[in-house]
Amino acid sequence: MLKHQAFFHFFGSLNDFLSDEKKGQSFVYNFKGIASVKNLFEAIGVPHPEIRKITVNNRKKDFIYKVKDNDLIKLCPFNYGINKFFLSLLSIFASIKIKFIIDVHLGKLGKYLKLCGFDVLYNWKWDDDEIIKLASSQNRIILTHDIGLLKNKKVIKGYWIRSQYPDEQIIEVIERYHLLSKIKPFKRCLHCNNILIKIPKSKIKDKIPLMIYRKYKLFFFCLKCNKIYWRGSHYYNMKKFIKRLKIKY
Ligand SMILES: [Zn+2]
């Protein structure tokens, strides 16, 4: 089989997938036979859902482009080269219908996203195939720590969570998908992901402790799983967290 070489250069956050000697610079990659650009950048370590733009010898190409000897391939991630002002515009126009599905290791991130009002599916029993199937049938973005899962050819939308810490992970997701202006606490049930409704406290008097009934005014109810929520300390912690986020941007 014929040996070939191509030059690769990854920009911005795509460098998170590379070893130190490859970060931020062009490097040679050797390969055999016929290969698509997707085959090669995934062999180098970068999953396709993280790629927004591919140019080969300064011409825009797609994933199926067959790489030729000595091609210079440049790859950019989402949000690369976009200034702060344009990012804030993207936040205004970001879809409120954005939906996520998260892998088994990111339960706390899922809870934080639901606290912010976002549509998130999570079940610790799901394997990769089930996650991919649900993501594709319901047009959901996969959030995962598993690069291998994102390299699956059936995955269309996804993001590799870099941080190990949930309070940093949620910032990653908010930045990547421009969600800051879409945060709405107490919109979604933390238990079943259903939309919450406001409910008069008189209707739930016998379902909550008397102390809670007397202390709080606003209550929310999940029609699917019957859970009741009120604006207790976790709500104010969340408000403080959102305020910190807004100051940062
Ligand atoms: Zn519920």
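Biologist: In which sense do strand β1 (residues 3-10) and β2 pair, and over how many bridges?
Modeller: This is a predicted model: local features need pLDDT of at least 70, side-chain atom pairs count only at pLDDT 80 or more, and totals for chains, interfaces and linings use all residues. Residues are numbered from 1 along each chain as its sequence is written. Strands pair if DSSP finds at least two bridges between them. For β1 and β2 the sense is antiparallel, and the count is 6 bridges.

Biologist: Which residue in β2 does Gln5 stand opposite?
Modeller: β2 spans residues 27-32. The residue opposite Gln5 there is Asn30.

Biologist: What percentage of the 249 residues of the protein chain count as buried?
Modeller: The C-alpha atoms fill a box of roughly 75 × 40 × 30 Å along the principal axes. Of the residues in the chain, the buried share is 24%.

Biologist: How many helices and strands does the protein chain have?
Modeller: Both are DSSP runs, numbered from the N terminus: helices are H or I, at least four residues, and strands are E, at least two. The chain comes to 8 helices and 12 strands.

Biologist: Which strands stand at the edges of the open sheet of 4 strands?
Modeller: The order is β7-β6-β8-β9, with parallel pairing. An edge strand here has a single partner, so one side is left without a neighbour in the sheet; that holds for β7 (119-121) and β9 (158-160).

Biologist: Are α3 and α6 parallel or oblique to each other?
Modeller: The axes of α3 (residues 107-115) and α6 (residues 166-177) come within 9 Å and cross at roughly 55°. Axes are lines fitted to C-alpha atoms over the stretch in contact, and angles run from 0 to 180 degrees between N-to-C directions. Under 35 degrees is roughly parallel, over 145 roughly antiparallel, 65 to 115 roughly perpendicular, and the rest oblique. The two helices are therefore oblique.

Biologist: Which residues in α6 do Lys108, Leu109, Tyr112 and Leu113 meet?
Modeller: Contact here requires C-beta atoms, placed from the backbone, within 7 Å. The four α3 residues meet Pro166, Gln169, Ile170 and Val173.

Conventions
Contact = placed C-beta atoms within 7 Å. Buried ≥ 20, exposed ≤ 12 C-beta atoms within 10 Å, placed from the backbone.
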